[in-house]
Amino acid sequence: MNATLMIVRPIAAADLGALFQLASKAGVGLTTLPANEALLKQRIDASLASFAGTAEPADQIFVFVMEEAETVSEHGRERKKNKIVGICAIAAAVGLRQPWYSYRVGQVVHASQELGIFTQTPTLFLSNDHTGHSELCSLFLDSEYRVGKNGSMLSKCRFLFIAQFRALFAKKMIAELRGVSDAEGKSPFWESLGRHFFSMDFKDADYLTGIGKKSFVAELMPKHPLYSSFLTPAAQAVIGQTHELTRPAQAMLEAEGFRYEGHVDIFDAGPAVECDVGDIDAVVKSRLFTADVGPEAGSDAGSTAKSEQPKINYLVASTSLDHFRVLLVRASPSGELLRLSAVQAAALGIKSGDSIRGVPLSPKDRVAS
Amino acid sequence: MSDLPAIERIAAVSAVGITSLPPDHEKLYDKIRSSVHSFSTEVDVNGEEIYFFVLENTATGAIIGTSGIAASAGFHDRFYSYRNEIIVHASQELKVSNKIHALHLCHDLTGLSLLTSFYIDPAYAHSKWPQLLSRARLLFMAEFPQRFADKLAAENPGLCDENGNSPFWNAVGRRFFSMEYPQAEQLSGGRSKTFIAELMPQYPIYVPLLPADAQLAIGQLHPVADLPFSILLDEGFEADTYIDIFDGGPTVEARLQTLRTIQTNRRLCVKISKDDASNRTALDYLVASTSTDTFRATIAQAVIDGDALVMTPGAASVMQLTDGDSVRAAPLGTYTSLGATSNVSPSSGASSSANAGWNS
């Protein structure tokens, strides 16, 4: 019998090859996962240093991979086959090495009572407002694995890490959502604005962003406030709009408490959503449990014996920094105890009685702790 | 005030873009009154004075043109223009250098003296008289420098169609006002332009973001103003830096001392002599008297002899000059076409009817 288990763990040096393969599938729009081996190696090294506690806060980035751990039975022997299928990361503080730019969407009112004039004009102000904030970034899941709860698990596993290690992060968390572009990667906003200042295609600018040159590109962009009414109607229409394919991610973040507060990407005008770390639903409602490792736990079958509450999807994580692991399990914790199977406990690297952090995957299953 | 009806006729036919000549009886009345007052007042420092001149055909007594000076642009307030700027967006790292044209709303020209209100009857356009009408102002400034700033500017009408629609206005001003250009022009005529300017975009405008027709209109002159504009360029005015905030027309500027008429004019004593002034070496001179409220200027054939300007009795009488009077004279320069005879005088108040005739 073949058994598979999805697990999220910190990226390791040995993941470089697999990560490069994954990045090659990501394409335009995921600026933080460029298919560039040297840069991916840098990213891995930065993550290793961050977990090891040797990186400066300004450089800290915690990168996680989702791994499919398959146990294959062949000729009576069990063999483990592991595959990297997704990636996500949290940057501790953006904009402290290179300036972090976004446009703040505002408005100016020009009014004269005497002339009977009152006009509201939308504006874009180049800002560094998000400097020092933490950022959810680099989310990518192999398209073959975009089934079930994988996407949700990959994105939300970060909230358990943040809840467990709050001191590593800023008060405010942001996430940039991909803006509107067509099938060829053409962004109406870029065509109307960026192109005038920088004669290159959006996907090239996007790539430069990914390889850490966004601030160089930004320095070529207009520094003075812009009247958005000078842009084409198509460009005006996509300011603060999310790419169709990114809307589920936006809905997920919004369900956790993230909100668009009027900052957009300087290239494609995609919205940045933000939330105080202390207000992120999954962070606030996650809590520590004591692992109760026993037979048949973690599956729906286990609940039939007792008249417990029905089992729900729980994200559970180990609580050690250097051996952080996240799993999605079916559970109905009672009191301080959360039941796990031996396989699950082994995957988390914990034993019965150890402390684990858990939160229901879906906000609607959560209660205030 | 005796010139008012003629000036009203001129205001009625002058193009959109000459905001200093509003077709409004009350405003023109006020303008003439304050001009009369300015000419008759002692001035140490340039302020709110305006000086309004008319071109009169002394053969017929008809007023055929106007010109003016505002001693201090935006006096009591600010004078707004857009300044053409180049912003270089460069990155060594990316080996890119882009020059971006932007318009900055500025007050740079505040306090400069402004040449305004130029209008000449089209029948006289192809004569030397537009030269007189425009440049007589400079002789006046040469004689009374304390009344003016040492730098000058002049607004020129920008592109618009026959209905007064301006592509620059449609792309810029219109977004902030909800009105047509002629309407906005009228509001600003005669009253502080500042009032309107405060409703205009305060942040720089990146030119590449404007529609093509608006970009083309930046610094483009309305053909109707070719004549006064070319006179100013010949004088040495520069047209590259500033444009009008409404229609994008070029606003020229110059340091008074660098202008051709200022550099070539001399202060001379009048010597009336029929023979000398009509001899073969006589040249056309712009000649201006040196009083304020009886200021007159004309174009006369004359000869410079030492510190004397030798004029015919006819020319001297048009100018109400007698032997020994001081005048300022500058060579007219070369012109191909000739028209009727005229002279320039301050637009007159009710009590001042002294307009001497001059016959060619």
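These legends describe close-up views of a predicted model.

The model is predicted, so local features need pLDDT of at least 70, side-chain atom pairs count only at pLDDT 80 or more, and totals for chains, interfaces and linings use all residues. Residues are numbered from 1 along each chain as its sequence is written, and chains are lettered from A and ligands numbered from 1 in the order in which they are written.

**View 1. Chain B as a whole.** Chain B has 12 helices and 15 strands. Helices (H or I, at least four residues) and strands (E, at least two) are DSSP runs, numbered from the N terminus. The chain holds 360 residues, and 48% of them count as buried. A residue is buried if 20 or more other C-beta atoms lie within 10 Å of its own, exposed if 12 or fewer, and partly exposed in between; C-beta atoms are placed from the backbone. Among contacts in chain B with a separation of 6 or more, 75% link residues 24 or more positions apart. Two residues are in contact if their C-beta atoms, placed from the backbone, lie within 7 Å.

**View 2. Strand β2 of chain B and its partners.** Strand β2(B) spans residues 62–70, and eight of its nine residues are buried. Strand β1(B), residues 50–57, runs antiparallel to β2(B), joined by eight bridges. Strands pair if DSSP finds at least two bridges between them. B:F53 has B:S67 of β2(B) as its bridge partner. Four residues lie between the strands of this hairpin, where B:G61 takes a positive phi near 80°. β2(B) also pairs with β5(B), residues 113–120, through five bridges, again antiparallel. Here B:I69 is bridged to B:L115.

**View 3. Around A:G151.** A:G151 sits in helix α3 of chain A, residues 150–164. Is this glycine buried or partly exposed? A:G151 is partly exposed, because 18 other C-beta atoms lie within 10 Å. Leaving aside neighbours within four places in sequence, A:G151 is in contact with A:L141 and A:R146. A:T119 is 32 residues away in sequence and 44 Å away in space, C-alpha to C-alpha.

**View 4. Where chain A touches chain B.** The contact takes 20 residues from chain A and 20 from chain B. On the chain A side, β4 (102–112), β5 (117–127), α4 (188–197) and α5 (202–218) each give two or more residues. β5(A) gives the most, with three residues. The chain A side divides into 11 nonpolar, seven polar and two charged residues. Ala, Val, Leu, Ile, Met, Phe, Trp, Tyr, Cys and Pro count as nonpolar, Asp, Glu, Lys and Arg as charged, and the others, Gly among them, as polar.
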